[in-house]
Amino acid sequence: MTPVAAADADGAALNALVRARLAEEKGAPAAALSALNEVVSLSPGLPGVRGRMLEQAIAAGDLDAARRAAQQVWTGGDHRFDAQLVLLVDAMRRSDWKAARAYLAAPTDKTGANTGARLIVPIFQAWIDVGARARRPERHLMATPGTGAEPALMLQVVQVQAATRRAGEAARLADEIGLSDRLSQLVALRAAATLDRAGEGAAAGRLRARIALAAGEREDPMLLLPDQPVMTPRAGSAQWLGLLADGLARTPNASTKLPLLFARAAHWLNDEDWAVRATLVEALARDGQNGAAMALLDGLRGKLPAVLVMRQAELIADSGDLAAGLERAEAAARNDAPRMLLVRLADLARRSGSAAAAAAAYERLEAALGEEDRALRSSLLLARAELMLQADQWDAAAPLIERAVALQPDDPAVLNFAGYSALERRKDMKQSLARIEAAWARAPQNASITDSLGWAYFLTGRTDEAVELLERAQRGEPDNAVIVEHLGDAYWQAGRKFQARYNWRAAALLADAEMATRIEAKLRDGLTPATVAP
């Protein structure tokens, strides 16, 4: 290659790298993968590109591309966990148990690999042995004598025994297992379905009776999915990976990569598992791939479970089509919908801006509540009151607010709503201030409640105290236009007019149309009774 041609190829490779990075940042893994393929064709020796191709192939759900990239990084000596898992999944899909064992046993050398291996190795060992027809495959899941065993792993033993035609053993073991946490209870639901399929209906019934999560209202979305039996190596491994992905995604401040990796691998193993599909939908949404999440629910054969129809509705609404999202949500919550779906319908109805739809949804939800649901009933009353306040119907909203306070007299959010709603309308200032002070005493770290108290002090002439609190609130939520405007008004009242104008200009950048008009007048004429924030 001539120097000029080499320079052209390097420039094209650099251009493709830039396009790949931009696509990654936009959450478009398929486009990123295409650009990275171009990079490899132009500059095959560029370090790190194969690993990035693997990551983007996993994010895009392209198993063929993920397998090729995983094979290339693995044979090149880069024994990373995501490559190991992709190759393991591919071997299991082909029922190549020898290759699956080899990949599972290979050491990995990347950060997070030990955690990943600890989470999946015993499960995969057991299910690979089921596929290979090895004797007593559940031995990999049994605890070291004297140390006890995790209930979720022992329930996997139940499924392994049922899958290897030892239903009686499975039934006896199921009776002995205690259900201590959410994970074990979710596995228990699938184990019960597996026992049913294996002809042990009585044992399945006894196991279901001990699942506290499933008692009464099913508030966990996973509980609203069909209970599918687990009878094959792919189904067993997929179920576990899906549960891991779901659990990891619930960890505060968790990365999106590992849950998405596990969810993708689970779906590649068994795309007929509703729980796996639901978990992948959530992993994609958390990764910023709402379009891919919606596509996963579109065009499915058979009837989509109502909880996934509701999730589809939420994704449609998130895409900007609130009317279509609400229509889909109403379809999901037809007839005797579980309370959890009614809560989500009410939220979508409120987001849609349709007061009539929201009122109808709230009415349905309220009818479904029991006497013990004080917190939820209180929140519902405030939501209904907010609708009325938006329509400037204070007299209709006030009784609802009082009922909410009576139900939750010590809840800071309820007290703050009640106090601030009245404060905005200059109603019963003494009681409003008392309620906000009580809310702040219970949640002084809450920026919105701190703002409410600062604004209450401003309106009652305690300007210095107002400034101090509003400055604190702004530090907590610097992008909250209401707080920024309030602080600007307090600065003006305190004689700090330069800082007031600075804050008003900052608030104007975040303001809606009504606030922007009010701030424009303040910047022109200063603070007047007509331009004080509500």
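# Notebook: loops, helix pairs and aromatic rings

**Entry 1: E138.** I started with E138, which sits in the loop between α7 and α8 (151-163). The model is a predicted one, and I kept that in mind for each entry. Is E138 buried or exposed? E138 has a relative accessible area of 3%, so I put it down as buried. I then looked up its contacts, leaving aside neighbours within four places in sequence. E138 is in contact with V157, V160, Q161 and R166.

**Entry 2: A106.** Next I went to A106, which I found in the loop between α6 and α7 (113-131). Not counting residues up to four places away in sequence, A106 touches W74 and Q84. I also looked up the spacing to Q84, a residue 22 places from A106 along the chain. The C-alpha atoms of A106 and Q84 are separated by 8.2 Å. W74 comes back in the next entry.

W74 and Y103 form an edge-to-face pair, with 6.1 Å from centre to centre and 75° between the planes. W74 belongs to helix α4 (residues 63-75) and Y103 to helix α6 (residues 97-105). The two are 29 residues apart, and I recorded the pair as a link between distant parts of the chain. Both W74 and Y103 are buried.

W492 and W504 form a pair that is stacked, at 5.4 Å centre to centre and 25° between the planes. I placed W492 in helix α26 (residues 481-493) and W504 in helix α27 (residues 497-510). Twelve residues separate them, and this pair too links distant parts of the chain. W492 has 15% relative accessibility, so it counts as buried. W504 has 0% relative accessibility and therefore counts as buried.

**Entry 3: α14 and α15.** I turned to helix α14 (residues 274-286) and helix α15 (residues 290-297), whose axes come within 7 Å and cross at roughly 160°. That angle is over 145°, which means that α14 is roughly antiparallel to α15. The crossing of α14 past α15 is left-handed. Which residues of α14 meet α15? I listed R277, L280, V281, L284 and A285 on the α14 side. On the α15 side they meet N290, A292, A293, L296 and L297. Sorted by class, this contact has eight nonpolar residues, one polar and one charged.

**Entry 4: α24 and α25.** My last stop was helix α24 (residues 447-459) with helix α25 (residues 463-476), which pack at an angle of about 160° with axes 8 Å apart. So α24 is roughly antiparallel to α25. I noted a left-handed crossing for α24 and α25. From α24, the contact is made by A447, T450, D451, L453, G454, W455, Y457 and F458. From α25, T463, E465, A466, L469, L470, R472, A473 and G476 take part. I sorted the residues of the contact of α24 with α25 by class and got nine nonpolar, four polar and three charged.

Conventions. Residues are numbered from 1 along each chain as its sequence is written. This is a predicted model: local features need pLDDT of at least 70, side-chain atom pairs count only at pLDDT 80 or more; totals for chains, interfaces and linings use all residues. Side-chain values use heavy atoms; hydrogens and water are left out. Axes are lines fitted to C-alpha atoms, for helices over the stretch in contact, and angles run from 0 to 180 degrees between N-to-C directions. Helices (H or I, at least four residues) and strands (E, at least two) are DSSP runs, numbered from the N terminus. Angles under 35 degrees count as roughly parallel, over 145 as roughly antiparallel, 65 to 115 as roughly perpendicular and the rest as oblique. A crossing is left-handed if the near helix is turned anticlockwise from the far one by less than a right angle, and right-handed if clockwise. Contact means heavy atoms within 4.5 Å. Ala, Val, Leu, Ile, Met, Phe, Trp, Tyr, Cys and Pro count as nonpolar, Asp, Glu, Lys and Arg as charged, and the others, Gly among them, as polar. Rings of Phe, Tyr and Trp (its six-membered ring) pair if their centres lie within 6.5 Å; planes under 30 degrees apart count as stacked, over 60 as edge-to-face and the rest as tilted. Buried means under 20% relative accessible area, exposed over 50%, partly exposed in between (1.4 Å probe, protein chains only).
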